[in-house]
Amino acid sequence: MAAEIPLSAGTLAAAMNGRLVAGDSDHYVTGFSIDSRTLAAGDLFFAIVAERDGHEYAGAAARRRAAGVVVSRPVTLPADAESFVIEVADTTRGLQDLARYVRRESGATVVAITGSAGKTTTKDVIAELLGGAHRVVKNKGNLNNHLGLPLSLLELRHGADVAVMELGMNHAGEIRLLVDVATPEVRVWTNVGEAHIGHFGSADRIADAKAEILDGANEQTVLVANADDERVMARIGAFPGRRIKFGLSAGADVRAIDVEDLGLDGTKSRLVTAAGERELHVPLLGRGHLMNVLAGAAVALHLGVDLDRIVETASRLTPSSKRGALLKLPKGVTVIDDSYNSSPSALKLSLDVLSRTWAARRVAVIGEMLELGDLSLSLHQECGRSAAASRLARLITIGGSSARALGEAAVAAGLAAGTVRHFDNSTDAAAAIQGQIAPGDVVLVKGSRGTRTDVVVEQLMAVFG
């Protein structure tokens with residue numbers, strides 16, 4: 001196991017190309033923070049300049065006994081403050097430079113994941129599959145952007161040998177920056193979908209932005225890529241390192257065959273790899289999650305995990321919070337809580353799962369999908385037609401005109417008009433939910449974060465819990 005990386009004020013200043021302007025160079029830190037409200041004693045506070053200027057909170061950080069503060073201009077600290085002060089040209093760049101230093105000093109292997117859907121689940125799956133053979137750190141929550149990723153990489157100072165990091169983006173160039181910070185030996189590209197298409201205009205442009213995961217690769221770099229996604233496959237031809245493809249198609253190196261959909265019990269299939277074949281039961285719901293497990297298996301095999309251990313661990317996987325979690329409530333209602341986020345391709349997969357359940361009634365509560373731009377109306381209508389094909393007893397839509405259009409398209413495709421209701425917001429939908437749901441129902445709840453469909457889940461738990 002790698003040793004702890006000690007980080008003194010002097011070391012920190014050098015790593016960030018900054019200078020120590022106050023305090024003792026032998027003063028050590030125990031953690032890192034960009035928020036003075038949650039900072040713990042002993043943390044290093046970065047005065048990030050964003051919507052708010054972190055320099056205005058340097059004094060508050062010192063009063064909370066920050067070990068030090070990183071600034072890009074002079075600040076006044078309380079007279080009795082014991083915090084050291086490091087001055088850098090840019091505090092965000094300083095944080096990223098420090099993450100590069102710790103990542104390099106740790107000697108860890110970094111696995112980086114991009115894709116339009118399933119990044120967090122894939123990250124969690126990989127971490128679980130590696131956990132018995134490696135000491136692993138991963139992003140917490142959605143700390144996957146230009147600030148969250150470096151904060152996550154700093155956890156490598158505690159001696160882990162593998163970091164599993166998801167890379168988030170909603171504009172071109174963002175993945176390129178994150179790859180430059182993380183310098184991953186293993187890159188995972190899950191898929192290309194319509195998430196954030198409003199910022200790009202087309203799925204091909206999204207794919208081009210996701211392809212930044214390939215930047216800076218060399219012959220020793222490994223790419224784990226979705227063999228079933230045409231846009232992914234079209235962009236990896238010049239990748240200089242080893243490629244491991246996963247999927248259901250014949251060209252996949254890590255492949256699931258004879259897939260059986262088990263509804264609320266997940267999937268069963270036969271896993272085919274260069275290391276052998278095994279029966280694979282994935283308790284996570286649907287084929288989308290099966291693909292995430294195949295990606296994880298490919299990474300785990302590459303990093304030396306035994307195939308039997310992979311299959312056994314996969315059989316015990318549990319979903320990430322609000323990402324397909326199955327809630328069997330005491331009063332007879334089953335909720336598929338997929339309320340964390342949504343996109344058209346992900347919604348269709350969730351509706352497919354719902355359609356395969358054995359239930360008295362299937363109910364879908366669908367929040368508007370945001371950041372779809374000029375394509376929003378047509379994509380919601382497309383999902384409405386998928387909803388109609390999912391044998392729903394009731395459809396509830398939440399949000400603006402696009403969400404309303406989803407319901408109208410479902411009716412036009414054959415869903416009975418009396419089974420569809422629309423609400424302008426999740427609070428109103430939650431207030432009326434008791435009259436829409438009955439014991440024995442299986443209820444899918446899914447929507448973009450901004451639609452707050454988690455409010456509906458909370459109400460269902462309160463009423464039927």
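Angles under 35 degrees count as roughly parallel, over 145 as roughly antiparallel, 65 to 115 as roughly perpendicular and the rest as oblique. Axes are lines fitted to C-alpha atoms, for helices over the stretch in contact, and angles run from 0 to 180 degrees between N-to-C directions. The model is predicted: local features need pLDDT of at least 70, side-chain atom pairs count only at pLDDT 80 or more, and totals for chains, interfaces and linings use all residues. Residues are numbered from 1 along each chain as its sequence is written, and side-chain values use heavy atoms, without hydrogens or water.

The chain holds 16 helices and 20 strands, taken as DSSP runs numbered from the N terminus (helices H or I, at least four residues; strands E, at least two). Its radius of gyration, over C-alpha atoms, is 24 Å, close to the 23 Å that the globule rule gives for 465 residues, so the chain is as compact as a globular protein of that length. That rule is 2.2 Å times the number of residues to the power 0.38. Along the principal axes, the C-alpha atoms fill a box of roughly 70 × 50 × 45 Å.

Helices α12 (residues 344–355) and α13 (residues 376–388) have axes that come within 10 Å and cross at roughly 5°. The two are therefore roughly parallel to each other. Contact (heavy atoms within 4.5 Å) involves P344, L347, K348 and L351 of α12, and L379, E382, C383, S386 and A387 of α13. These residues divide into 6 nonpolar, 1 polar and 2 charged. Ala, Val, Leu, Ile, Met, Phe, Trp, Tyr, Cys and Pro count as nonpolar, Asp, Glu, Lys and Arg as charged, and the others, Gly among them, as polar.

The axes of α10 (residues 286–302) and α11 (residues 307–314) also come within 10 Å, crossing at roughly 150°. That makes α10 roughly antiparallel to α11. The contact is made by V293, A297, A300 and L301 of α10 with L307, I310 and A314 of α11. It comprises 7 nonpolar residues, no polar and no charged.

An open sheet of 6 strands runs in the order β15-β16-β20-β17-β18-β19, with mixed pairing. Strands pair if DSSP finds at least two bridges between them. β15 (325–328) and β19 (420–423) stand at the edges with a single partner strand each, so one side of each lacks a neighbour in the sheet. The twist averages 15° from one strand to the next. β16 (residues 334–338) and β20 (residues 441–446) pair in the parallel sense over 5 bridges. V335 has V443 of β20 as its bridge partner. Helix α16 (residues 454–464) lies across β15, β16, β17 (361–367), β18 (394–398) and β20, at about 150° to β20.
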